[in-house]
Amino acid sequence: MASDAARTAIEGLTSAGAAEAMIAACRSVGLDPCGAELIRFGENALFRLASAPVIVRVARSSEYLSSARKEVAVSRWLAQEGFPAARVVDDLEQPVLAGGRPVTFWHLINEGDRKPTYGELGAVLRDLHSLTLPPGLELPPYDVFGRSDLRIDRAPDGVSDEDRQFLRRRLHELRAEVANLRFDSLKDPLHGDAHMQNLMTNDQGHVVLIDFEGFGFDHPEWDLMVTATEHHSLGWQTKEQYADFVTAYGRDLRDWTGFTTLRGVQEFHMTTWLMQNTSEGKNIAEEYVRRLASLRDDDAPRNWRPW
């Protein structure tokens, strides 16, 4: 396991390296990591402690430290607003840097018996975009391409040089398209990764927004592009589900002339995000290949699987 941890410091996050960081961070703040369970592995690794109702979130590397600090600040602001969102454990100094990885601690959300609806997602985003930032909390503009360059540079060994070159060319094209966008909306607080997996329903039946890594202050279109792309390109929602989302929010992004560009951005995000974890299993590697093939042919059907 020690050799895995050393390798991930260079190549990125693995489940083994994340577990080592989780254990070290818990011990540094007086929490017991014994029996912790890995419950999600994606952009970050999430562990549920057996010893306390706490979720431990492990980021990829020290480059994510400022983002982790922002997440903690956003959680505390939303708590003051009474907004339905995940809460950090307040009596701990965080984030903690463990093995070069920022680690944060969150109150466990006890999930209810039902899944959130797309109407609820639309309503939560509408309410979020209407909030006013408090003095002292500065949120960055939406980072359209985020860590795309880093993801490509640090892609696992199974990603070919040809793939990397293609992704760099596609990134260059999308940056040029985004530079020419003209928004007619005002800027608002923004979630930055507004898909259904970042909305939970607790055991009281209330929806709770999670994952604040992408939070910013920018045009709301960047939040709407996620569900609009999933419906328009991928068919992941029924017509009725998407209609509920549009009705609750009050706008269909597909009516905007810039939607085609934002659809391309979202598909690129979804592909490079998954690319980071291709070494974790055959199914992930196969899905990455499927998504990359679609990026090479804009007219090809998007038979992508949710991940």
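**Figure 1. Residue classes and elements in the lining of the largest cavity of the predicted model.** The lining of the largest cavity divides into 5 nonpolar, 2 polar and 2 charged residues, in a structure that is a predicted model. The residues concerned are Asn 44, Arg 57, Val 58, Ala 59, Ala 68, Glu 71, Pro 102, Val 103 and Thr 104. At least two residues of this lining come from each of strand 3, helix 3 (65-81) and strand 5 (101-107), and strand 5 gives the largest share, with 3 residues. The volume of the largest cavity is about 30 Å³, and the structure holds 1 cavity of 30 Å³ or more.

**Figure 2. The salt bridge between Arg 57 and Asp 211.** Arg 57, which is among the residues lining the largest cavity, forms a salt bridge with Asp 211 in which the closest N and O atoms are 2.7 Å apart. Arg 57 belongs to strand 3 (residues 54-58), whereas Asp 211 is found in the loop between strand 8 (207-209) and strand 9 (216-218), so the pair ties together parts that are 154 residues apart in sequence. Both Arg 57 and Asp 211 are buried.

**Figure 3. The salt bridge between Glu 213 and Arg 147, and the network that includes both residues.** In the salt bridge of Glu 213 with Arg 147, the closest N and O atoms lie 3.0 Å apart. Distant parts of the chain are linked by this pair, with Glu 213 in the loop between strand 8 and strand 9 and Arg 147 in the loop between helix 4 (118-129) and helix 5 (148-153), 66 residues apart. Glu 213 has a relative accessible area of 11% and is therefore buried, while Arg 147, at 24% relative accessibility, counts as partly exposed.

**Figure 4. The salt bridge between Asp 252 and Arg 254.** The side chains of Asp 252 and Arg 254 meet in a salt bridge, with an N to O distance of 3.0 Å. Asp 252 counts as buried, its relative accessibility being 14%, whereas Arg 254 is partly exposed, with a relative accessible area of 35%. The structure holds 23 salt bridges.

**Figure 5. The hairpin of strand 1 and strand 2.** Strand 1 (residues 37-41) and strand 2 (residues 45-48) run antiparallel and are joined by 4 bridges, and a hairpin of 3 residues connects strand 1 to strand 2. Within this pairing, Leu 38 stands opposite Phe 47 in strand 2.

**Figure 6. The largest pocket and its lining.** The largest pocket holds about 1,200 Å³ of space and is lined by 44 residues, of which Glu 43, Arg 151, Gly 192, Asp 193 and Trp 273 lie nearest its centre. Two or more residues of the lining are given by each of strand 1, helix 3, helix 5, helix 7 (221-232) and helix 9 (259-275). Sorted by class, the lining of the largest pocket comprises 17 nonpolar, 14 polar and 13 charged residues.

**Figure 7. The second largest pocket and its lining.** A volume of about 640 Å³ is found for the second largest pocket, whose lining consists of 25 residues, with Arg 40, Glu 111, Gln 197, Met 200 and Ile 210 nearest its centre. Strand 1, strand 2, strand 3, strand 5 and strand 7 (199-201) each contribute at least two residues to this lining, and the largest share, 3 residues, comes from strand 7. By class, the lining of the second largest pocket has 13 nonpolar, 4 polar and 8 charged residues.

**Figure 8. Cys 26 and Cys 34.** The structure holds 0 disulfides. With a relative accessible area of 0%, Cys 26 is buried, whereas Cys 34 is exposed, with a relative accessible area of 53%.

Note on methods
Residues numbered from 1 in each chain as written. Predicted model: local features only at pLDDT ≥ 70, side-chain atom pairs only at ≥ 80, totals over all residues. Heavy atoms only, no water. Salt bridge = Lys/Arg side-chain N within 4 Å of Asp/Glu carboxyl O. Buried < 20%, exposed > 50% of the residue type's maximum accessible area, 1.4 Å probe, protein only. 1 Å grid on protein atoms, 1.4 Å probe; cavity = no way out; pocket = protein on both sides within 12 Å on 5 of 7 lines; lining within 4 Å. Points joined across faces, edges and corners; volume = space filled by probe spheres on them. Nonpolar A, V, L, I, M, F, W, Y, C, P; charged D, E, K, R; others polar. Pairing = 2+ DSSP bridges. Disulfide = S-S within 2.5 Å.
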